[in-house]
Amino acid sequence: MTPMEALHWRYAAKRMNGRKVPQDTLDNILEAARLAPSSYGLQPYSVLVAEDPVLRERIRHAACDQPQVSECSHLLIFATWDEMDGRHVDELIALTAAARGLDPMELEGYRQSLHAAVAGLASPEVRHQWAARQAYIALGTALTAAAAQRVDASPMEGFDPPALDALLGLEAQGLRSVVLLALGYRDTEQDRLAGQAKVRWPRERFLVEWDGA
């Protein structure tokens, strides 16, 4: 399947049949999310993988009782880092230097610019919103990777973040949940949306051609 065919095939499945996503396929989707771009390359978020059926049933109660949470194969929880400061910048610089065989001092100018950028995120809520936008880039990459492998993926904002954070003990891990992604296979008999035409704004409404005038 070409990337365009995969995107036409996918939709946000509302019911799933419980069939397991093979481990190598799951690993490919997770690796795609890890390789997603982020501002400054800081990747200020983590992805938690919930496979245990009992845990997913408990999460379902914090997610507006949406059935795909318990019917899916794996539930991914994208969560921002509660803290983002100079320590993370220095860790990224050290990682970059090691990966590229550089002396860290060669990256000193970049390190200072990153420190300034992070310091400019004036409050915890501003930092959270910035980090959440980065996590959504990874979410989109995971959605595309899943579609390319014919795995259904349902992105979900309909949940209670504080309740989910408390259930999973995320605060103690320095994390805040942002968005969920249910991975599995569509139940074509129970999902009324299965097989229906994809609806998007037409190209002429979606695109604005800028002519410089």
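The model is predicted: local features need pLDDT of at least 70, side-chain atom pairs count only at pLDDT 80 or more, and totals for chains, interfaces and linings use all residues. Residues are numbered from 1 along each chain as its sequence is written, and side-chain values use heavy atoms, with hydrogens and water left out.

**Stop 1: strand β4.** Select residues 175-184. Helices (H or I, at least four residues) and strands (E, at least two) are DSSP runs, numbered from the N terminus. Nine of the ten residues in β4 are buried. Buried means under 20% relative accessible area (1.4 Å probe, protein chains only).

**Stop 2: the partners.** Strands pair if DSSP finds at least two bridges between them. Click L180 in β4: I77 is a bridge partner, and so is M156.

**Stop 3: the largest nonpolar core.** A nonpolar core is a set of buried Ala, Val, Leu, Ile, Met, Phe, Trp, Tyr and Cys residues joined through side-chain atoms within 4.5 Å. Select F78, V151, L181 and L183, which touch the most other members of this 22-residue core. α2 (23-34), β2, α7 (124-148) and β4 each supply at least two residues. α7 gives the most, seven.

**Stop 4: L183.** Show its contacts (heavy atoms within 4.5 Å). Leaving out residues up to four places away in sequence, L183 touches residues including M16, L26, I29, L76 and V151.

**Stop 5: the second core.** Select M16, L48, M156 and F159. They belong to a separate core of 21 residues.

How values were computed. Buried means under 20% relative accessible area, exposed over 50%, partly exposed in between (1.4 Å probe, protein chains only).
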